[in-house]
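Thanks for making time this morning.

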Amino acid sequence: MVEINLALQGGGAHGAFTWGVLDRLLEEDEIEIAAISGTSAGALNGAALKAGWLQDGRDGARHNLDWLWGEVARLDDLSVPRWMQAWMPDPGFLSQAIELSPAYIWGDAFNRMMSPYAWGPFYRNPLEKIVDQFDFGRVCADTGPELFICATQVRNGKVRIFQGDAITTQAILASACLPTLFQAVEVEDPETGAMEAFWDGGYTGNPALFPLYARHLPNDLIIVNINPLERDLVPVLPSEIQNRINEISFNSSLLRELRAIEFVQRLVASEAVPEGAMKKLRVHMIADDDLMNDLSVATKTVAVPSIINRLREAGRRAAGDFLSRHGDDLGKRQTADLVEMFG
């Protein structure tokens, strides 16, 4: 049995890729999930996994993830007509078609000009009716995988981690609160006890890794990447430029933490610090940058059942490939080349 920690990125409906990764990992009886740090879609995935795990083990976790993404795919607020899905099966083509459609362009421009507060009493967060159905008795339980949810405090721009009883519907909605789409979510700050406004956790931790440094947690950390770290082509269209700005912004906190991990690894390897003084994590990554390069922000904000299912299958495939190549490395050696990443 090998214990791992999971770090789950946010990325809107592209979080269905993480669903696929988790679904495949949960098939491995020799892998035990000790802790999960999640942001935005990663927070929803983490909460669904833990609640299902405590209800019926691995099968319960897989079933609860299936339920979650079935609910997301049925959200009218985030969907497109089924007739449009039928004749555009390719994810890249469908993503581009949505992004260039008059309705999406108009909606995107409207969101940039209008505040979500302009809706007044008609405003509602479409995710709330899903998150309200989570079994928070299990999500917040002391048993099962430890769960950490990341959000960004609006007042001071600092990261906040919700865990234990502090994980509520509002905390998860805060972690997934893009300020151009949703009103800031007010939650009791776990550090001060005061009511504070929060935005998406991706601005300060996508996902936050530092909660997983705790000494009692295992050294193996699997990061599930949604936002591609690299794009070969320079974006030229306004939508492409904005999309890449968002990707860079939401990856920046993760890259900073990975650089810190690589620095600690060098200190330990050179014996510059005493043995055991600092935790030496083993970092692994599961991603499909080729697929994510074909997609865009359109399919992050517009939930298309066909794309969600393709992302799930891509996630399962990526996790299966990782296990085939590196399953025997878990618990023994790192598979992510951080030296090359920051060289």
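Predicted model: local features only at pLDDT ≥ 70, side-chain atom pairs only at ≥ 80, totals over all residues.

If we set aside residues up to four places away in sequence, Gln-153 touches Lys-158, Arg-160, Asp-189, Glu-196, Ala-197 and Phe-198.

Staying in strand E3, we also find Phe-148 there, and its relative accessibility of 4% falls under the 20% limit, so Phe-148 counts as buried as well. Its contacts, leaving aside neighbours within four places in sequence, include Ala-35, Ile-36, Ser-37 and Gly-38, then Ile-161, Phe-162 and Gln-163, and also Pro-211 and Leu-212. For those who want a distance, the C-alpha atoms of Phe-148 and Ala-166 are separated by 9.9 Å, with the two residues 18 apart along the chain.

Let me turn to the nonpolar cores. The largest has 69 residues, and within that core Leu-6, Leu-49, Phe-134 and Ile-167 touch the most other members. Helix H2, residues 41–73, gives the most to this core, contributing 13 residues. Taking Phe-134 as an example, and again leaving aside neighbours within four places in sequence, we see contacts with Leu-44, Ala-47, Ala-48, Trp-67 and Leu-68, together with Val-139 and Ile-172. There is also a second, separate core of 20 residues, which includes Ala-35, Ile-161, Leu-258 and Phe-342.

Next, the packing of helices. How are H2 and H12 oriented relative to each other? Helix H12 covers residues 305–326, and H2 packs with H12 at an angle of about 150 degrees, their axes lying 9 Å apart; angles over 145 degrees count as roughly antiparallel, and H2 and H12 are therefore roughly antiparallel to each other. The crossing of H2 with H12 is right-handed. On the H2 side, Arg-62, Asp-66, Trp-69, Val-72 and Ala-73 take part, and they meet Pro-305, Ile-308, Arg-312 and Arg-316 in H12. Sorted by class, this contact has five nonpolar and four charged residues, with no polar ones.

Finally, a word on helix H1, residues 16–25, where ten of the ten residues are buried, so H1 is largely enclosed by the rest of the structure.

Terms used
Residues numbered from 1 in each chain as written. Heavy atoms only, no water. Core = buried A, V, L, I, M, F, W, Y, C linked by side-chain atoms within 4.5 Å. Buried < 20%, exposed > 50% of the residue type's maximum accessible area, 1.4 Å probe, protein only. Helix = DSSP H or I, 4+ residues; strand = E, 2+ residues; numbered from the N terminus. Contact = heavy atoms within 4.5 Å. Axes fitted to C-alpha atoms, helices over the stretch in contact; angles between N-to-C directions. Parallel < 35°, antiparallel > 145°, perpendicular 65-115°, else oblique. Left-handed = near helix turned anticlockwise from the far one by under 90°. Nonpolar A, V, L, I, M, F, W, Y, C, P; charged D, E, K, R; others polar.
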